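This note is intended for a colleague who is meeting the structure for the first time. The points below may be read alongside the sequence and the model.

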Amino acid sequence: MARNEYNEFLFEEFNTFCNNRHTVSIGMAKYLCPTCRKQLAHPLDIQKHKELVSKSKNGLVLYSDIHRCVNEILGVCNIRVDNDLNVRGFEYIKLPSLQNRVSKLGILVATRKARSDYPEGIVTNIVDGVRLKLIMSMKKIDFRLNVGNVNSLHDPVIDLLHSTNGDIDLYLCGSNLPSYDNLKVWLQVIIDLLDGTQPCILGLILESFKYIIENNDHLPQQKDVQILRMILDSYFTCIEDINQGVVSSLFKGGGRSIFKSKKGSGKTELSTIIKITDEIVKEPNQPILNLIKINPEHFMDIIATLIKLEEAGIIRMEGCE
Ligand SMILES: [Zn+2]
């Protein structure tokens, strides 16, 4: 089902559910993504929306519509919606390109701007129902990512984190996640990883935040750090080789046990592995983005599977040119 159809389907389902409860009704704000040119529909709680409109100075409310955009990587379009659910304005949020800041000699151009001068990308929320408010200030690319539409006048900073190499400052302004202590450790991990990698696509940073939100119940383990690093590098990673002999024997015997997950989702995982390995056998040299396209909603599972395949000596991955 296409994303738009899926949203319409959700809309019908949700409306039926809500009408039965006589509490909420959901409307759709429709727009065309300027980047992937898909027709999209952003679901809204009408009553809540109208309350927000009445409090808004210009009669418009900002929502971040996060969808699978070009190459199935998450894209963020900030839409401004009026009382009648018409989209009155939209802006596609991108990270500034590092290349623009490199001089002809290939040397990084020094910038000494005040933090408040950086362009800011607002993402109103990453996962429905999860309140996460923070500002991540990335000095190398002169950019601030504002998650949760933090208003510096009204949202006090609770914690300030610095990446080890000093490129990223993170101002944490609140969250409703179950463990705040775990969250701080996860966020330190992600800013350290981002500091050591080339600035990538905003959608991959959002994927890594989704991973953090889903795994907030425990402290990051080595495996989690590996997955986060791979998510951030995924745009630049290619499969270099596959050991076809191992693949053919893998699914016959005990080899499959290494892919059994703790949560008992072994069967699903096995079918994903079969699809992925089939794809790699057909084309042994390809960007891992091609594999993510097989099932983009399971981005993280695919990444985790690729890491396991590499650890088992079945595939080899390297950075793409
Ligand atoms: Zn798009």
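A nonpolar core, as the term is used here, is a set of buried Ala, Val, Leu, Ile, Met, Phe, Trp, Tyr and Cys residues joined through C-beta atoms within 7 Å. The model discussed below is a predicted one.

1. The core. The largest nonpolar core holds 63 residues, and L134, M136, L170, I231 and I303 touch the most other members. Helix α4, spanning residues 202-214, gives the most to this core, with 7 residues.

2. Surroundings of M136. When residues up to four places away in sequence are not counted, M136 touches R144, L145, I168, L170 and I191. One of these contacts, L170, is also named among the core residues that touch the most other members.

3. The sheet of three strands. An open sheet is formed by 3 strands in the order β3-β4-β5, and the pairing is antiparallel. Its edges are β3 (61-68) and β5 (87-93), each of which pairs on one side only. From one strand to the next, the twist averages 25°. Helix α4 packs on this sheet and touches β3, β4 and β5, and its direction makes about 95° with that of β4.

4. The pairing of β4 and β5. Strand β4 (residues 74-81) runs antiparallel to β5, and 6 bridges join the two. Within this pairing, R80 stands opposite G89 in β5. As a general point, strands of a sheet pair through backbone hydrogen bonds, either parallel or antiparallel.

5. Helix α3. This helix covers residues 180-196, 17 residues in number. From its first C-alpha to its last, α3 reaches 25 Å, close to the 24 Å expected at 1.5 Å a residue. Which residues of α3 are buried? They are W186, L187, I190, I191 and L194. Seen down the axis of α3, these buried residues fall within an arc of 135°, so they line one face of the helix. In general, an α-helix has 3.6 residues a turn, so residues three or four places apart point the same way.

6. Packing of α3. The buried residues of α3 pack against the strands β7 (132-138), β9 (159-162) and β10 (168-175), and also against α4 and α5 (222-233). I191, one of the buried residues of α3, is among the contacts of M136.

7. The partners of β11. Strand β11 (residues 237-242) pairs with strand β13 (residues 315-319) in the antiparallel sense over 5 bridges. There, I315 in β13 is the bridge partner of I242. β11 also pairs with strand β12 (residues 286-287), again in the antiparallel sense, over 2 bridges. In that pairing, C238 stands opposite P287 in β12.

Definitions and conventions. Residues are numbered from 1 along each chain as its sequence is written. This is a predicted model: local features need pLDDT of at least 70, side-chain atom pairs count only at pLDDT 80 or more; totals for chains, interfaces and linings use all residues. A residue is buried if 20 or more other C-beta atoms lie within 10 Å of its own, exposed if 12 or fewer, and partly exposed in between; C-beta atoms are placed from the backbone. Helices (H or I, at least four residues) and strands (E, at least two) are DSSP runs, numbered from the N terminus. Two residues are in contact if their C-beta atoms, placed from the backbone, lie within 7 Å. Two strands pair if DSSP finds at least two bridges between them. Axes are lines fitted to C-alpha atoms, for helices over the stretch in contact, and angles run from 0 to 180 degrees between N-to-C directions. The expected span of a helix is 1.5 Å times one less than its number of residues. The arc is that of the directions from the helix axis to the C-beta atoms.
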